[in-house]
Amino acid sequence: MSITPLMPVYPRCGVRPVRGEHCHLISEDGRRFLDFASGIAVNALGHSHKGLIGAIQKQAETLMHVSNLYGSPQGEKIAQRLVDLTFADTVFFTNSGAEAVECAIKTARAYHQSVGNEDKFELITFNNAFHGRTMATISASSQDKMHKGFLPLLPGFKYCDFNDLEAAKAAIGPNTAGFLVEPIQGEGGIREASDEFLQGLRKLCDEHDLMLVLDEVQSGVGRAGTFYAYEQYGIEPDIMATAKGIGGGFPVGACLATEKAARGMVFGTHGSTYGGNPFAMAAVGAILDVVPDETFLAEVRAKGDRLKARIEQFIGNYPELFEGVRGRGLFIGIKLKTEPRPFVAHLRDNHGVLTVAAGDNVVRVLPPLVIDDSHIDEFMEKLSAGAESYQPQEAG
Ligand SMILES: *Cc1c(COP(=O)(O)O)cnc(C)c1O
């Protein structure tokens, strides 16, 4: 047999982490890495955070799981906290980002069905978006490479160029239910929606009674410097998917909605065996104890500004390698002149720092939100040594 026991869908690299210490990872062979990937924007509080560990340990001893057939004091409390912190009136807990987006898609469709707009089932989505790997969420993405081998797609999605408000407006038709959009595209390469674009989509939704569905699975939970990125655009969505940082490493996500948007999500329309179980709620509670605090978020913005300014200043030394830096908070992208994967591998294998490649030739810099200046210094030293020693023909 030549297939591996782990289904070989990931081209895994040689780093095999076995332990985490705050902002560092230690691999099986003893190497130590500065973790500026954070499990792709998941480990918001870094590794081995006392509050998160304590909450999970305590909950494991008390009650890990009960069915959603029973009342959930744990879920009610966390949902109320999310409602208080956001635009939302109601929350459905999931186990992942893709499931949160799935629930968001169902909520948007169910809204229109419940008000008698039987024909309005189509969501307009945007090129280079990433919404997950389920059938609905790959169908929501225009990227052919995610579709190959899995046809037919789920109908009901139409793609437009990101940040092209005129195209989005022109795409509205009799079947349009709303827009599904990342305020800042993550996998697409830290591409920020313009104010005009996101505010324009909000206005179109108001004019045509459409649902504005935000995918904040990557941009949310403090990553972009506010609890959710939409706050920086002066708009509010009708529906929003969140995950990644919300559990700090525990697999949990959520679909948030206004009362109006959720009017179709009544008894029996949706469910999840694990969704929102006490174990997951303990993890989310520990994250909510730290991240939404205004002082903490101001720190994320300040650290992000310092890190970005230093990267910006530094990359000017290597104009043949780097094109620029973008993003906000600790959601940062360094755009290269060439394919980023070999550079990410070089930084990892030869300089002990973890980053993540993304679309548009971008290296994503996603440190834990709890870094301090010593980690910024360490990153800059490693980036600098990495740029100095980089031979672009190096194999990835
Ligand atoms: C990661 C991601 C998802 C999918 O989340 P999973 O937990 O991997 O299912 C969806 N949308 C965005 C924007 C993401 O970054």
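Two residues are in contact here when they have heavy atoms within 4.5 Å of each other. This is a predicted model, where local features need pLDDT of at least 70 and side-chain atom pairs count only at pLDDT 80 or more, while totals for chains, interfaces and linings use all residues. Residues are numbered from 1 along each chain as its sequence is written, and side-chain values use heavy atoms, leaving out hydrogens and water.

**View 1. Lys244 and what it touches.** Lys244 sits in the loop between strand E11 (239-242) and strand E12 (253-257); strands are DSSP runs of at least two E residues, helices runs of at least four H or I residues, numbered from the N terminus. Leaving aside residues up to four places away in sequence, Lys244 touches Ile40, Ala41, Val42, Val217, Gln218 and Val252. An unreviewed UniProt entry annotates Lys244 as "modified residue: N6-(pyridoxal phosphate)lysine"; such annotations may be inferred rather than shown by experiment.

**View 2. An open sheet of four strands.** Follow the order E13-E14-E17-E16, with antiparallel pairing (strands pair if DSSP finds at least two bridges between them). At the edges are E13 (322-328) and E16 (356-358), each pairing on one side only. E13 and E14 (residues 331-336) share six bridges, and Val325 stands opposite Ile334 in E14.

**View 3. Helix H3 meets helix H9.** The axes of H3 (residues 73-85) and H9 (residues 278-288) come within 9 Å and cross at roughly 35°; axes are lines fitted to C-alpha atoms over the stretch in contact, with angles from 0 to 180 degrees between N-to-C directions. Among the residues that meet are Ile78 and Leu82 in H3, and Met281 and Val284 in H9.
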